Protein chains: 2
Amino acid sequence: MELRLAFIGLGNVARAFARMIDDRRDQLSDGYGLKLRTTAIATGSHGCVLSDGDIDLRAAAACVERGEPLTGLPGVAAISDTSGLIDRCEADVVFETTPLNPTDGEPAATYILNALGRGMNVVTANKGPVAFAYRRLKALAERKRVSFRFEGTVMDGAPVFNLVEYCLPVARVIRFSGVLNSTTNLILAGMESGRTFDECLDEARRLGIAETNADYDIDGWDAAAKAIVLANVLMGADLRPNDVDRAGIRDLDSRETQAAAAAGRPLRLIARAEGSGDGAKIVVGPERVAAASPLGSVRGTSNVLIIETDLMGELVIFETNPGIEQTAYALLSDLIRVHEEAKSRR
Amino acid sequence: MELRLAFIGLGNVARAFARMIDDRRDQLSDGYGLKLRTTAIATGSHGCVLSDGDIDLRAAAACVERGEPLTGLPGVAAISDTSGLIDRCEADVVFETTPLNPTDGEPAATYILNALGRGMNVVTANKGPVAFAYRRLKALAERKRVSFRFEGTVMDGAPVFNLVEYCLPVARVIRFSGVLNSTTNLILAGMESGRTFDECLDEARRLGIAETNADYDIDGWDAAAKAIVLANVLMGADLRPNDVDRAGIRDLDSRETQAAAAAGRPLRLIARAEGSGDGAKIVVGPERVAAASPLGSVRGTSNVLIIETDLMGELVIFETNPGIEQTAYALLSDLIRVHEEAKSRR
């Protein structure tokens, strides 16, 4: 099966994914019967291009890294903007990885709606549209008989949505808790060793982990949005980020953080959801947790999610020090899932 | 789709599973289009019975619990032994849950071979046959176009094999480590609080966690067999339990265990596998691990597995205090998988 790929956004994650699939052309072809051809790329500041052939992904990634426009690539036609590209690209799978808009998930949500509406499968690593419009996007994908996948929105490439969907059949998720935001975790760990909040935040920025606007991390918005996605997808809730009872870590000082860690009860920014009827109640805020526990043993950029189910009891999934490659892997794993779903629909 | 079920063994796990599916007849029918009918049950000391109808699973479980023969159930015909039952039962799915034979996995391996050879899908929670005959069983299942599933053999109902098969596509497992045996973990934790080895072992027996012959747990054989199953299935190795470099916890004393825990480096019985070419090297033995780490934070009967992959980095799966219900859930999750695979073969 040949799949034509379109990229909406060609940032760090999309470029790592592009190199990952380019490196594994033979494995994807031999192991999965999957041939890939890139026919469209839309970027915010390097132009939007279409091709009847196969755009060289490495050349496109190098173009972006050199700060050059994609329109210089061989065999491509320039398109004025992203919306125009979605209307005309006729791809099989659209990879949406534009920057997060924490206010309403736009314009990514509209991009995804338009792509799904035109019968294209969509994979996103952007939590905004899923946090604000999951039901609408999911319903449209079902109506159009295409796939909408978003494994990379929570815990990078660690399988969370796929785990519950494919590996926990019949069971129902009744509550969850987790450390879902790397920036705050890195800051808290740094403060435990006596550094100031600002020194730790600077380090998170240097490592490329903090969101463009780190306020979203520090004030618990990122963890809240991820908890919303988890609750809406795994527990059938229909909440928005503003429905979360949310506190961040801005007011914690180093002394308090150090004392908690020294007492074997370090502070972590915890997201919790408790199911109730068809919905869920979500709380995000700093908590003291046991050091020798799944929540307490999370270090650095690691994330952890504890899922409690009716039939399978409690299951914990822990992702150790993820980076860009892990998020790129989420796109790859979603691509394989889209391919499997497309085969089963035939 | 109606599936006819046969039970080889009706011990604690199989009875918990029987009640689980009996409780969820409507959910399985409405949610999965799955109708179940039990047509055969073989036990070691309560007889073997066949039926043209649907054997009442609750009545059969109650029979075993009262120590009565199954031949007293309404509408069943008595069969002389398990092999005869497999030859005649014509079921769609056979649930093999006979007691573990750690020497060669028999007679369970032969039961499974015969069932697969007759074109029946097989689900087992018995690590013996998988540790000793995985390649042979898998090849036969493929030739006969039936399913062979064994999620319950390692970490009870926590998805381990399904996780890698369905949620980590393209990625390759390059090494793993884990705390896979509950009995030794319970004993080590007990010794940390100053109790003797024998007191702790008695507790594990009272909780029904220790294997019938606890030597297999204590000497690391159970952890070794599980590591073999993991390495053979997830890493393509072809090892047998005797290939493991194995040490148990028999020679550890309470003082050493307490001192290690007090120093923040508690002792755990760790199984490790490292891939090499098409095979793997497996070591099982006690190690000092960091308390505030996934391996160190395992308490009570909890298990943990750390999987390192080429594409997705390190992923940890942690099962909190599993009991019989979790192992029963593994059979249910395998049943759903068998059903999905049967549908996709049509």
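Student: Before we look at this predicted model, what makes a residue count as buried?
Tutor: The test counts other C-beta atoms, placed from the backbone, around the residue's own C-beta atom.

Student: Which residues of H6(A) are buried, and what covers them?
Tutor: The buried residues of H6(A) are Lys127(A), Gly128(A), Pro129(A), Val130(A), Ala131(A), Phe132(A), Ala133(A), Tyr134(A), Leu137(A) and Ala141(A). Their cover includes helix H5 (108-117), strand E6 (121-124), strand E7 (148-149) and helix H11 (221-234) of chain A.

Student: Where does H6(A) bend, and by about how many degrees?
Tutor: Helix H6 of chain A runs over residues 127-144, and a straight helix of its 18 residues would reach 26 Å at 1.5 Å a residue. The end C-alpha atoms are only 22 Å apart, short of that span. An angle between fitted axes locates a bend in H6(A) at Ala133(A), and its value is about 95 degrees.

Student: What phi does the residue just after H6(A) take?
Tutor: Most residues other than glycine have a negative phi. Just after H6(A), however, Arg145(A) takes a positive phi, of about 55 degrees.

Student: What radius of gyration does chain A have, and what would a compact globule have?
Tutor: The C-alpha atoms of chain A fill a box of roughly 65 × 45 × 35 Å along the principal axes, and buried residues make up 56% of the chain's 346 residues. For 346 residues, a compact globule would have a radius of gyration near 20 Å, and chain A agrees with this, having 20 Å.

Student: How is chain B related to chain A?
Tutor: Chain B can be laid on chain A by a turn of 180 degrees and a shift of 0.0 Å along the axis, with an RMSD of 0.0 Å. The two copies are therefore related as by a two-fold rotation axis.

Student: Which element of chain B gives the most to the side that touches chain A?
Tutor: The contact joins 35 residues of chain B with 35 residues of chain A, and helix H7 (161-167), strand E13 (313-320) and helix H13 (324-345) of chain B each supply at least two residues of that side of chain B. The residues of this side divide into 21 nonpolar, eleven polar and three charged. The element that gives the most, with eight residues, is E13(B).

Student: Which residue does a cis peptide bond join to Glu106(A)?
Tutor: Most peptide bonds are trans. Here omega is about 0 degrees, and the proline involved is found in the loop between strand E5 (93-96) and H5 of chain A. The residue joined to Glu106(A) is Pro107(A).

Student: Is Val170(A) buried or exposed?
Tutor: Val170(A) has a positive phi, near 70 degrees, in a residue other than glycine, and its place is in the loop between helix H7 (161-167) and strand E8 (173-179) of chain A. Since the threshold is 20 or more C-beta atoms, the 21 others within 10 Å of Val170(A) make this residue buried.

How values were computed: Residues are numbered from 1 along each chain as its sequence is written. Chains are lettered from A and ligands numbered from 1 in the order in which they are written. This is a predicted model: local features need pLDDT of at least 70, side-chain atom pairs count only at pLDDT 80 or more; totals for chains, interfaces and linings use all residues. The radius of gyration is taken over C-alpha atoms; the globule rule is 2.2 Å times the number of residues to the power 0.38. A residue is buried if 20 or more other C-beta atoms lie within 10 Å of its own, exposed if 12 or fewer, and partly exposed in between; C-beta atoms are placed from the backbone. Helices (H or I, at least four residues) and strands (E, at least two) are DSSP runs, numbered from the N terminus. The expected span of a helix is 1.5 Å times one less than its number of residues. The bend at a residue is the angle between axes fitted to the seven residues ending there and the seven starting there. Two residues are in contact if their C-beta atoms, placed from the backbone, lie within 7 Å. Copies are superposed by least squares on the C-alpha atoms of residues with pLDDT of at least 70 in both. Ala, Val, Leu, Ile, Met, Phe, Trp, Tyr, Cys and Pro count as nonpolar, Asp, Glu, Lys and Arg as charged, and the others, Gly among them, as polar.
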